[in-house]
4 protein chains.
Amino acid sequence: MTSFTKKEYEFLKELGIGPQNLGCYVNGTWKATGPVISTVNPANNQIIAEVVEASAQDYEEGMSACAEAAKIWVQVPAPKRGEIVRQIGDALRANLQEFGRLVSLEMGKILPEGIGEVQEVIDMCDFAVGLSRQLNGSVIPSERPNHMMLEMWNPLGIVGVITAFNFPCAVLGWNACIALVCGNCVVWKGAPTTPLVTIAMTKIVASVLEKNNLPGSIFTAFCGGADVGQAIAKDTRIPLVSFTGSSKVGLAVQQTVSQRFGKCLLELSGNNAIIIMDDADIKLAVRSVLFAAVGTAGQRCTTCRRLLVHESIYEKVLEPLVDVYKQVKIGDPLEKGTLLGPLHTRTSRENFEKGIHNIKSQGGKILTGGSVVESEGNFVHPTIVEISSKAEIVKEELFAPVLYVMKFKTFEEAVEINNSVPQGLSSSIFTRNPENIFKWIGPQGSDCGIVNVNIPTNGAEIGGAFGGEKGTGGGREAGSDSWKQYMRRSTWCRYARFAREFIL
Amino acid sequence: MTSFTKKEYEFLKELGIGPQNLGCYVNGTWKATGPVISTVNPANNQIIAEVVEASAQDYEEGMSACAEAAKIWVQVPAPKRGEIVRQIGDALRANLQEFGRLVSLEMGKILPEGIGEVQEVIDMCDFAVGLSRQLNGSVIPSERPNHMMLEMWNPLGIVGVITAFNFPCAVLGWNACIALVCGNCVVWKGAPTTPLVTIAMTKIVASVLEKNNLPGSIFTAFCGGADVGQAIAKDTRIPLVSFTGSSKVGLAVQQTVSQRFGKCLLELSGNNAIIIMDDADIKLAVRSVLFAAVGTAGQRCTTCRRLLVHESIYEKVLEPLVDVYKQVKIGDPLEKGTLLGPLHTRTSRENFEKGIHNIKSQGGKILTGGSVVESEGNFVHPTIVEISSKAEIVKEELFAPVLYVMKFKTFEEAVEINNSVPQGLSSSIFTRNPENIFKWIGPQGSDCGIVNVNIPTNGAEIGGAFGGEKGTGGGREAGSDSWKQYMRRSTWCRYARFAREFIL
Amino acid sequence: MTSFTKKEYEFLKELGIGPQNLGCYVNGTWKATGPVISTVNPANNQIIAEVVEASAQDYEEGMSACAEAAKIWVQVPAPKRGEIVRQIGDALRANLQEFGRLVSLEMGKILPEGIGEVQEVIDMCDFAVGLSRQLNGSVIPSERPNHMMLEMWNPLGIVGVITAFNFPCAVLGWNACIALVCGNCVVWKGAPTTPLVTIAMTKIVASVLEKNNLPGSIFTAFCGGADVGQAIAKDTRIPLVSFTGSSKVGLAVQQTVSQRFGKCLLELSGNNAIIIMDDADIKLAVRSVLFAAVGTAGQRCTTCRRLLVHESIYEKVLEPLVDVYKQVKIGDPLEKGTLLGPLHTRTSRENFEKGIHNIKSQGGKILTGGSVVESEGNFVHPTIVEISSKAEIVKEELFAPVLYVMKFKTFEEAVEINNSVPQGLSSSIFTRNPENIFKWIGPQGSDCGIVNVNIPTNGAEIGGAFGGEKGTGGGREAGSDSWKQYMRRSTWCRYARFAREFIL
Amino acid sequence: MTSFTKKEYEFLKELGIGPQNLGCYVNGTWKATGPVISTVNPANNQIIAEVVEASAQDYEEGMSACAEAAKIWVQVPAPKRGEIVRQIGDALRANLQEFGRLVSLEMGKILPEGIGEVQEVIDMCDFAVGLSRQLNGSVIPSERPNHMMLEMWNPLGIVGVITAFNFPCAVLGWNACIALVCGNCVVWKGAPTTPLVTIAMTKIVASVLEKNNLPGSIFTAFCGGADVGQAIAKDTRIPLVSFTGSSKVGLAVQQTVSQRFGKCLLELSGNNAIIIMDDADIKLAVRSVLFAAVGTAGQRCTTCRRLLVHESIYEKVLEPLVDVYKQVKIGDPLEKGTLLGPLHTRTSRENFEKGIHNIKSQGGKILTGGSVVESEGNFVHPTIVEISSKAEIVKEELFAPVLYVMKFKTFEEAVEINNSVPQGLSSSIFTRNPENIFKWIGPQGSDCGIVNVNIPTNGAEIGGAFGGEKGTGGGREAGSDSWKQYMRRSTWCRYARFAREFIL
């Protein structure tokens with residue numbers, strides 16, 4: 001491995017990353033025979049390192065080994081699998097600062113968010129360790145004498161995980177921690193634009209497997225693009241494909257997987273609203289909206305994209321909000337104090353510009369922002385837009401720090417607007433009125449998977465189930481009973497006595 | 001309503017059925033403006049009665065009213081919804097004999113099975129009453145001070161239920177009992193060939209709704225064919241479609257429903273095997289195979305279609321099995337002592353004949369049966385076929401009393417054959433060896449949703465979750481946590497204190 | 001059976017009650033060889049009927065038969081036991097009006113409460129039917145290869161139930177419905193002053209057992225006093241004794257049962273407070289206090305005995321409260337419009353008088369009531385007392401419609417007063433402030449088992465677990481996982497392979 | 001701190017132990033003003049070190065501080081409490097070898113058992129971390145419109161833990177890990193004869209609390225005897241006392257705690273049987289009996305004390321069993337290869353001798369062993385006794401490696417003998433017959449809390465609930481829902497709307 005020319009990349013060595021990297025962890029070794037790509041820093045679009053992606057042959061080699069490893073891994077007792085995941089958590093803990101820095105460097109999110117993302121994987125590991133002794137089936141009373149009925153959960157075998165650039169390691173963590181303790185091997189394809197995170201994460205997992213004399217192919221990883229994704233979707237050896245990405249691509253993946261009688265766990269687009277009622281704590285609400293709309297440069301699935309304000313306090317909310325937006329510090333995500341880093345790619349920046357154009361043509365009024373920052377990087381100004389809830393563009397997920405603001409008169413109207421988009425991930429209300437809270441969380445309230453009160457749309461905890469309804473795909477990850485999706489349920493009944501009592 | 005000409009149909013009056021019937025229960029009234037069809041007795045192919053099916057206009061009228069009713073029904077407390085379902089159970093109890101007789105008359109299954117099917121709906125009602133106080137969400141510890149995290153379950157609104165002819169009321173019962181206590185309105189399309197069961201069941205439900213001054217449109221039913229099914233699949237007012245039928249049609253329904261971001265609960269084809277190990281209780285096994293393969297004329301989704309016998313006891317099993325097959329009493333399902341009624345339609349009988357032809361051309365050897373019974377009805381002889389597990393036809397679900405028999409040498413080989421078909425509903429092993437039982441139910445055993453031991457492939461209990469993997473569609477109905485599929489999960493988090501403590 | 005001399009008692013014949021009654025249901029027959037007692041109407045202290053109580057010999061005969069019946073009942077599959085309980089519910093439904101009338105007649109509560117109490121038993125039956133398919137154990141992942149770990153629940157055998165006069169059939173219902181579906185026989189001793197309710201309830205249960213050809217001794221009942229209670233407490237054949245009554249007697253029962261290594265389920269005294277915060281809906285609160293303090297003449301375990309009012313709204317609450325107290329209609333509980341019936345016994349009325357005397361001597365100021373009603377019955381005036389929270393008498397449970405009112409300054413002070421008594425059953429706050437609600441239900445809020453918000457201290461639902469902490473005894477009845485107390489948990493582990501793999 | 005005179009004790013410095021030690025961790029500091037005692041090595045009865053025990057004043061100081069700390073600790077979010085417990089696990093991991101050595105040195109169990117005991121605490125920590133996000137309450141459907149019903153779990157405040165010498169740290173671990181994540185402070189009194197383990201364990205916990213700037217008094221520990229235990233039992237600040245010890249003392253503790261309305265969690269005596277059926281794998285069974293009866297010198301609560309052998313294989317079992325007993329290596333528990341260490345105290349050795357005397361006088365026949373080993377230590381020979389199941393001594397728990405052997409004829413007789421003792425902790429059957437297994441785990445099988453199949457009476461896993469019925473006290477520790485005992489359940493109901501809709 002040669003050296004990095006830039007000193008700022010030298011910390012990557014700690015993670016096993018060099019200027020040139022093989023992008024596949026296949027059958028316990030690093031190799032790759034596909035195209036060579038460069039990964040760039042979104043803050044300046046300069047190359048960080050090169051990565052060799054997976055070829056079709058790498059894929060097949062990896063999957064064959066993985067299928068063999070699955071026969072071993074399903075037989076390891078779940079609490080022992082938990083111990084492996086615990087060690088993965090500890091290995092991450094030992095690399096928290098460097099790994100968090102890499103996430104920020106390659107993805108573009110600010111450093112506290114980069115470190116926070118790695119910490120979330122660590123937390124998932126700890127959670128999964130406990131879960132490894134609680135993957136409980138049921139003993140159910142049988143209606144027949146001398147019969148015993150049970151519901152049991154067995155591993156699926158292999159879980160395919162396709163993740164997106166915005167959480168390049170946390171989403172893998174949600175899936176892999178659970179999948180592994182459940183007894184499944186994991187096949188991972190990270191985003192094509194965050195290969196270093198994919199490699200660094202895989203190296204950490206691999207080191208633990210090796211230390212425990214387990215086949216590396218229990219965790220198989222590929223850097224690559226749509227072709228690898230397609231191969232996973234079509235592969236009958238993979239009973240479950242967990243996909244994170246847009247509603248459009250997710251739907252296509254689901255159809256491919258369904259055709260071969262496989263299952264999908266989908267985490268697709270969000271279009272999340274915050275409702276501010278007239279009795280809200282405005283200071284709390286404004287600060288929450290800022291973090292929810294501008295954090296990660298508007299590239300979280302839970303980013304607040306729509307702000308619904310009661311008409312009676314509209315000005316009281318908008319004025320301080322526009323004010324704080326103007327003070328947001330834009331800059332290098334690795335620099336202390338930066339609140340808003342760059343968009344992830346040049347294409348994202350272009351999409352932002354196209355979006356602003358469409359917003360204007362659909363009657364949107366720019367209250368602040370609305371333009372890109374001229375620089376080497378992919379920076380844009382945080383943007384607030386006043387627009388009708390009926391505008392077409394409001395139904396879409398523009399993956400950038402653009403917030404649509406709209407007024408409402410009644411609680412019922414606000415809920416109706418909240419529910420009027422195809423997506424159903426997250427939603428939030430700010431109010432002091434218990435009656436409104438009760439309606440909001442009830443059958444005629446928000447139709448989303450996440451339904452918050454006096455906190456923003458983001459900020460899910462791993463103990464709960466993360467995911468959304470409608471166009472968001474219906475999957476649930478992390479806590480609660482999400483693990484059941486990673487296992488095969490069998491209901492079984494047995495007769496415990498024999499022929500002498502059986503009346504023909 | 002005019003009178004039946006045949007005295008044997010007069011009992012139908014007790015169920016509100018006459019010679020001519022309107023086939024839609026729409027907005028609380030009976031109407032229908034679609035095509036008029038005749039329903040026939042499979043035992044003689046003579047007409048029982050006429051039914052007017054749903055037109056597109058009937059459908060729209062019914063769905064509009066149903067969508068309105070949903071706003072009311074979601075607000076009824078769950079235990080009160082349970083009370084309605086309890087009354088439905090009691091109304092069925094009062095009509096058990098007549099209704100069971102209708103099921104046998106129109107579907108063709110023998111009378112104890114007809115009555116048993118209605119009893120299963122009654123049991124589901126009782127079970128759902130208890131469930132109505134247990135649709136529990138969770139209070140989950142939050143990692144943040146002064147925050148509260150909950151997981152709650154809200155009704156979806158409307159559940160579409162599309163059922164098949166073989167269980168013309170039980171499958172509706174599984175779905176509707178749970179859907180109703182969960183707070184959903186139900187839209188039902190029964191099989192086109194069992195409209196009288198659809199009407200009779202609906203009349204019973206309607207009588208309870210009316211007695212309680214609830215909108216009839218809480219339960220909306222349509223007699224009709226593929227067009228109504230298609231309308232349900234496409235209807236964005238129906239967040240969940242529960243479909244029972246073939247893998248092929250089910251997959252198509254799923255794709256239509258997915259396109260509009262709806263969800264499906266699929267109960268599709270089965271191809272269920274019984275394995276008889278060399279240490280099995282042969283007498284118990286033979287009797288179990290007979291019931292599992294010949295019951296309901298092989299038209300259950302859990303029918304045993306494949307018999308895997310250890311080579312060392314092959315003759316010991318086959319001889320008595322062929323023997324009892326030859327003694328099976330074929331005849332009018334309403335007649336006492338009949339064990340095997342007719343296939344449901346003339347087309348089913350033709351498919352049986354085509355199937356036998358294909359079996360022979362693929363090397364199958366007919367050990368007994370293999371021909372139709374010449375008569376007015378759709379009777380066929382119960383059939384045993386010796387065939388290779390690799391023959392193409394063995395991978396398909398031939399909906400008739402045809403049993404494929406094959407030998408195996410080892411437990412592992414038997415499991416491999418069991419798992420080698422695209423379907424994954426039910427499976428069973430007969431053995432006295434605890435080690436084999438342990439493997440059978442474990443990660444490297446049967447890959448089905450139902451994994452029995454010393455009982456046949458059929459005979460699921462409502463306390464467990466019913467359904468299967470792979471081509472069977474992955475849905476689960478009846479007990480366990482199946483109810484969760486009929487509800488929308490929301491994870492919510494709230495902040496309980498206000499601005500004074502919030503540090504900006 | 002001779003006839004009742006009073007026409008108003010003739011309805012009792014419908015329940016199988018006559019002027020003279022045998023008080024034991026033993027080995028499936030009615031008999032009794034103990035003392036003869038009279039049961040009286042608390043509204044006029046006139047005799048309703050005579051009852052022969054249990055002798056020691058009756059007890060032994062009953063228990064022997066019950067122990068035999070237990071061997072049969074544990075083997076009946078739980079869902080079949082559920083079906084028996086369902087039929088008990090239906091039999092009660094058929095007798096709802098008459099049985100409710102008897103409860104009011106003999107106990108003294110107003111008719112809607114009498115009928116409501118029977119309805120609660122019916123609801124419990126329905127709930128228990130559902131539960132009979134959900135007495136689920138767990139399959140737990142083992143840390144050892146080829147091992148299987150399960151947690152299972154088996155019946156205890158026999159459950160002893162000792163109930164109090166204030167809910168003469170509901171508490172039996174809570175216990176017996178769950179105990180029966182869990183597979184236990186029930187031995188019941190009702191209150192000595194409500195023997196007719198005991199007999200009527202038992203006759204209904206017995207009729208169902210007989211109809212199903214089950215041994216009557218599955219349900220064994222004794223009319224009798226402390227000697228029968230003591231016999232139950234000492235009887236090693238009874239692994240669980242469920243006792244409802246005072247903290248003092250409950251503690252003694254527990255010590256007796258513990259000595260013989262049995263378990264107790266205790267529902268003891270309550271001393272329940274309602275807190276009214278300054279932001280409460282006063283109208284709602286006042287009405288709630290009235291019902292909670294005066295209902296059942298203050299003889300519910302959940303009766304509100306202490307009212308804590310924020311000093312700033314003290315007058316606003318007290319004025320209308322005293323006002324409505326003065327309008328409370330006192331009279332025959334069977335008469336329409338009566339709100340307050342008599343105390344249950346002449347002794348209760350004397351205890352009320354003694355209590356008032358003590359209240360005054362401890363500085364209590366009578367705001368309204370404070371005296372008995374001069375009549376043949378046991379009527380007293382509903383009473384409000386202004387008193388210090390530190391007065392000794394405030395720590396005790398005076399079983400009468402006496403409400404202690406006290407002021408507080410802060411939320412924290414109110415909680416401290418709420419928690420300052422030895423009992424810990426129910427508690428309630430009225431407020432519109434989400435922050436207070438959050439604290440109230442949290443670790444530093446109410447220390448009771450029931451912690452209500454904007455509803456009174458009474459009004460528990462059967463879906464939840466009913467019971468309290470500290471002096472209330474810690475037991476939980478009705479819903480949630482209360483059923484676990486009626487079963488024996490076993491954790492079992494098995495090794496599924498044999499010697500050839502076992503390394504010595 | 002002066003130095004140890006013996007080199008073999010020098011490793012204790014690593015654990016913070018010296019020749020003289022203060023025995024109380026009180027308000028975050030080490031102190032002690034009670035009597036000075038010596039702790040000895042059971043292998044030679046030589047003094048290891050001196051410990052100052054707690055005085056009444058130390059106790060009061062510790063409890064006051066603990067009660068203050070409880071106010072803080074309950075407010076720490078559960079997952080953060082989990083993080084503290086995780087760090088405790090890691091701190092133990094770093095001291096595994098030394099701490100395991102100390103356990104063996106002071107308690108007398110062989111080194112692999114000493115290390116294994118510490119490992120169990122580590123496993124409990126990992127398990128508890130996961131649990132800290134799963135202390136879930138329930139959202140239960142309310143039967144009333146606009147009402148919400150929840151079941152929540154709050155900390156109790158302080159949990160008192162009184163442990164025994166045989167597992168001087170594991171039992172603390174079971175209790176403290178769960179108690180701490182549940183939000184309780186812990187007050188621990190270890191056994192008077194294992195004070196160094198108490199101190200070493202507490203130092204590890206304390207170091208973590210200090211590192212996290214938490215009050216040390218969250219974990220308060222006292223070395224001391226019955227007086228400290230009595231103080232805990234009487235202390236109204238301690239709502240739950242978890243006691244491990246004999247049935248006799250446990251019962252007394254329970255009565256004291258009940259008097260003040262507190263709760264107990266009891267783990268008392270066991271008297272565990274292994275049944276060997278005629279179809280058992282005898283080699284597997286014999287080896288299992290050896291470990292279960294001789295391990296920890298027969299001083300486990302799950303030690304096999306009774307061996308029930310089917311008469312037809314009696315000789316086949318006894319012969320190899322007596323044989324392996326004679327080969328058991330007795331000696332210094334720290335020496336490699338030792339299988340049987342000393343009894344814990346000289347008194348234990350005397351009790352063994354008394355026991356053997358009683359055995360003989362009650363007709364017991366010594367098949368092997370039956371005498372002490374003449375030495376400085378407390379060694380005895382592992383003993384097998386042939387005796388009637390009806391002998392009085394067989395009903396008692398003789399805490400030594402003495403195994404009672406008896407014959408039986410039928411499965412039913414074996415179960416009857418198994419259940420004929422006052423204790424109900426563990427039990428085990430060896431058989432290949434599925435029917436017997438089914439009966440063994442069913443309502444008419446073993447009446448114990450642990451019901452094993454083809455594994456010995458010991459060997460519980462932390463994922464399950466550990467504990468027993470009858471004289472064993474009924475408590476459950478470690479996994480499953482044991483955590484609920486460490487929390488206060490509150491059922492709460494709220495009304496979510498206000499006066500305008502409320503009909504007076």
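Strand β24 (residues 487–495) of chain C and β20(D) run parallel and are joined by 2 bridges; two strands count as paired if DSSP finds at least two bridges between them. Within this pairing, D:Ile450 in β20(D) is the bridge partner of C:Thr491. Helices (H or I, at least four residues) and strands (E, at least two) are DSSP runs, numbered from the N terminus.

A word on the basis of all this: the model is predicted, so local features need pLDDT of at least 70 and side-chain atom pairs count only at pLDDT 80 or more, while totals for chains, interfaces and linings use all residues. Residues are numbered from 1 along each chain as its sequence is written, chains are lettered from A and ligands numbered from 1 in the order in which they are written, and side-chain values use heavy atoms, with hydrogens and water left out.

## The C–D interface

Chain D and chain C each bring 68 residues to their contact, where contact means heavy atoms within 4.5 Å. Between them they bury about 6,200 Å², 55% of it on carbon and sulfur atoms; buried area is the accessible area (1.4 Å probe) that two parts lose on being put together, summed over both.

The interface of chain D and chain C holds 8 salt bridges, each a side-chain nitrogen of Lys or Arg within 4 Å of a carboxyl oxygen of Asp or Glu. One of them links C:Asp481 to D:Lys484, at 2.6 Å from N to O. On the side of chain D that touches chain C, the largest share comes from β24(D), with 8 residues.

## The A–D interface

In one, the closest N and O atoms of A:Asp123 and D:Arg133 are 3.9 Å apart.

## Salt bridges within chains

Over all chains, the salt bridge count comes to 113. In chain D, the side chains of D:Lys109 and D:Glu117 meet at 2.6 Å, N to O, and both residues are buried (buried means under 20% relative accessible area, exposed over 50%, partly exposed in between; 1.4 Å probe, protein chains only).

D:Glu311 and D:Lys409 form another salt bridge, at 3.7 Å from N to O. This pair joins distant parts of the chain, 98 residues apart: D:Glu311 sits in the loop between β14 (304–310) and α10 (314–327), and D:Lys409 in the loop between β17 (402–408) and α12 (411–418). D:Glu311 is partly exposed at 39% relative accessibility, whereas D:Lys409 is exposed at 55%.

## A buried asparagine in chain A

Finally, take a look at A:Asn436 in helix α13 (residues 434–440) of chain A. A:Asn436 is buried because its relative accessible area is 9%. Leaving out residues up to four places away in sequence, A:Asn436 touches A:Met277, A:Phe411 and A:Thr431.
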